Amino acid sequence: MIKKFSFFKFYFFLFFGFIIIIFGAIITFIIAQNTRKNITTNLLYFSESVSAAINPQRVKTLTASSLDDNNPDNIRINQQLQKVQTYLQTQGIRWSYLVFQKDNQFLFSASSITPDDPGYSKPGDIYKDPPQELQKVFQDQQSIISQPYQDEWGKFVSAFIPIKDFSTGELLAVIGFDIDYQYLQFQINRQIIFPIISTIFIFIFYIIIFFLISRQLNQTKALEESEERFRLAVDAAIDPVIMMNQEGNITLWNKAAEKTYGYSQKEALGHSLHHLILPPKKYNVDQSVNLKNFKQTGQSPIFGKILELETTNKAGKIIPIELSVALIKTKNEISAFGIIRDISIRRRHEKLLIQKNNILKEEKLKTEALLSGIGDGVLAIDQNFKITYANHIAEKLLGWTSKELIGKDVYDNITVKDGTNKTIAKGKRALSLAVKSGKTISSSTINPVYYVRKDKSKFPVAITASPINSDGKFSGAIDVFRDITHEIEVDKMKNEFISLASHQLRTPLSAIKWYSEMLLEGDAGKLDTEQTKFIDNINLSNQRMIDLVNTLLNISRIESGRIIIESNPTDLKELISTVIYEFESKIKEKKQKIIVNINPNLKKINCDPKLIFEVYKNLISNAIKYSPKEGEIQIFVSSDKDNVISQITDNGYGIPKKDQTKVFTKFYRGENILKIETEGTGLGLYLIKSIIESSGGKIWFKSEENKGTTFWFSLPLKGVNSKKGEVSINS
Amino acid sequence: MKLLVVEDEPLLLEIIGKKLEKEKIQVLLADSAKKGFEFLANEKKLPDAIWLDYCLKDITGLDFVIELKKHEKWADIPVIVVSNSASTEKVNSMLALGVNKYLLKANFRLEDIIKEVNDLITKNEPNTCR
């Protein structure tokens, strides 16, 4: 209704205003008319009364001419009229006068008008512009009140009364009574002032009332709109919004509340909030005390706080919530205004998180257990090179506790020194190199670095540092290290032993060698054939021993990585020639044929000539040894895109198929040749395989028993990098 | 030709001496570094070369060479080390000091060694200091 009102307000206003005015106008009009009527009716009455007093006999005698001047009847009537006039005056009647109709003309006769009055007309004067009612009276012979008319004396309203003869009823004359129209108007006006003013007042009053009502309605409208907005806002809220009055009953229950709790607004409003969503059995004591207090005092300890509660919805399901409560005071009442946040999802997430956390904790413990199980020290660092983990072996080795290490910069806290006690720069440490290259870096055990302990003592370590990348981004590194003091000792001992052993073994061998030499030269007297033969045999065996000692030494050095590779541009042809030269006598003895075929364009290749010499020596010596008399040995050297390939082929005893997998193992000697050729340590192939592979090459063979054997080996054309070791071959 | 041989292994010293004599080379046999220095000090004519073993009773061959090079008169005598032990370290350090050659005993016949000595002396190979 209000909406309609505001729309039509203007028209409404106009309409009713109009009505009031019309109404007022009508009343005014009616009053005016009434007044007029009264006055004219009065006029009529008075006029008739007065005319009744006029004796018609007298009137008969009148002529309406100058003759009447002296007519006593005329005079008398004049007197009568004049006498009455004083009273008539009070009724507003200005004058009265007789009018005769003669020959269609109206003539004045007696009147109340005195000659000094400007309106005086002599008897016999013609009424020049009479109103038509006068005419009508003469015709109808009835009294008439005229309409307002204008004649030469002014504007009047007149009553015309016929004077009739008593006996004949003949119209003798008409007596006219004039009221000044102005008087009439005045009287009317006097009467209508009141209604007009009343109307005006009413109208003003109407406007005021209208205005007030309008304002009131506007306020109501604004309030309703504001309420509407509030309601919309509240309903639009995702969270349940509720209000509770001092009685504990729900006064506001938004859509979200309906949804969350399953109670519709209708079911909720007016009901006790506590009974609805806070099941009594759980919150019995506390809430009812609070509620009681709230009822009485309008205060509550929960205002302005956020509570966590468990509420129940219509279906009985428990809904954990966060409730924030505010106090709202209006003039009349105190309400509690609450916003509810359903935290069941949050709770679920919290539970999940806790579960996940627990799993993570377990895994962390497992990992830590695993790491503790590693027999080496383990340090983990993050992307800022701060230590995040140190296992207990690391603690033991370094002398720091895990607590002291974690969070510290690994470079600042753990110093690394080289063999000369010089601190190694950050950038040269295995960790930095691993991180920079993105690869796992292992430190050398031959020239080890040293970690410095908390007490400033140092110990040699073998470090394996690996970077950790997660999602392709560097996120840390792991340093696994072990104390190699013992290893180094053992190695040192081994080397010392080897050195010593080699020296100790060789010394008597040298003595045998030289004394045999002297014997054979006849320095202790000439020898017969048999004696010579015996000493030769002694020499041979001695040489085998020397070779064995040399080979064993070489092998042990290769195995401990201590062999040097001194790379030089080497002419393989020369090496081969030298080898063949060395074996010349043997070849001649066995009447074997050597064919050498080397690519004439073969360039010098970067390799260690001493080592490669050994390779050729071994292979060629094998070919000679394991070929029968008059056998043929072919040597080819060629190159392809990347490598130089050497091939040594014989047509000798071959290697039995079942032994072919063992060919490169230590001390292997083919069963088939053991009986034929007793010489041979079985170490040669093992040694040269190590040499070739250290030089970046490969060695392979094919063989068939009693048909022959071919060995190939490759060396990279780009050459072999010199390798620093500690010993060279045969030293 | 005169040769100083410093070798502490008696068997070897003896046979080396015999061989050298046979080759008509004058030989001073020292079984210790001390003996060797004595010879150097006392002999009127200095040897043309020194045949030195690494492992000596009193000091190492290295120290002998160091000591040798300190004496102006002896520093230029070519030295050939004939030893049964040779790690690269030893070889390099010896060669750095100015030892002219380093041979492994067990790999060489006496004859070959003497040939090497001859070459050393006659060719007058300069000290190869590294």
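Predicted model: local features only at pLDDT ≥ 70, side-chain atom pairs only at ≥ 80, totals over all residues.
Student: Where is A:Lys591, and what is its phi?
Tutor: Residues are numbered from 1 along each chain as its sequence is written, while chains are lettered from A and ligands numbered from 1 in the order in which they are written. Helices (H or I, at least four residues) and strands (E, at least two) are DSSP runs, numbered from the N terminus. A:Lys591 lies in the loop between helix H18 (584-590) and strand S20 (593-598) of chain A. Although not a glycine, A:Lys591 has a positive phi of about 55°.

Student: What is the phi of A:Gln141?
Tutor: Most residues other than glycine have a negative phi. A:Gln141 sits in the loop between helix H4 (132-140) and strand S3 (144-145) of chain A. It is not a glycine, yet its phi is positive, about 60°.

Student: How many other C-beta atoms lie within 10 Å of A:Gln141?
Tutor: A:Gln141 is partly exposed. The count within 10 Å is 14.

Student: Which residues of helix H14 of chain A are buried?
Tutor: H14(A) covers residues 430-437. Its buried residues fall in one group: A:Ala430, A:Leu431, A:Ala434 and A:Val435.

Student: Within what arc do the buried residues of H14(A) fall?
Tutor: An α-helix has 3.6 residues a turn, so residues three or four places apart point the same way. The arc is taken from the directions from the helix axis to the C-beta atoms. Seen down the axis of H14(A), the buried residues line one face, because they fall within an arc of 130°.

Student: Which exposed residues are on the face of H14(A) turned away from its buried side?
Tutor: The buried residues pack against helix H13 (410-413) and strands S15 (441-442), S17 (458-470) and S18 (473-483) of chain A. The face turned away carries A:Lys436 and A:Ser437.

Student: How far apart are the axes of H19(A) and H21(A)?
Tutor: Axes are lines fitted to C-alpha atoms, for helices over the stretch in contact, and angles run from 0 to 180 degrees between N-to-C directions. Helix H19 (residues 609-625) and helix H21 (residues 684-694) of chain A pack at an angle of about 145°. Their axes are apart by 9 Å.

Student: Which residues of H21(A) make the contact with H19(A)?
Tutor: Two residues are in contact if their C-beta atoms, placed from the backbone, lie within 7 Å. H19(A) brings A:Leu611, A:Glu614, A:Val615, A:Asn618 and A:Asn622. H21(A) brings A:Gly684, A:Ile688, A:Ile691 and A:Ile692.

Student: How many helices and strands has chain B?
Tutor: From the N terminus on, the elements run β-α-β-α-β-α-α-β-α-β-α. The total is six helices and five strands.

Student: What is the mean pLDDT of chain B?
Tutor: In chain B, 92% of the residues reach 70 or more. The mean is 83.

Methods: Buried ≥ 20, exposed ≤ 12 C-beta atoms within 10 Å, placed from the backbone. pLDDT = per-residue confidence, 0-100.
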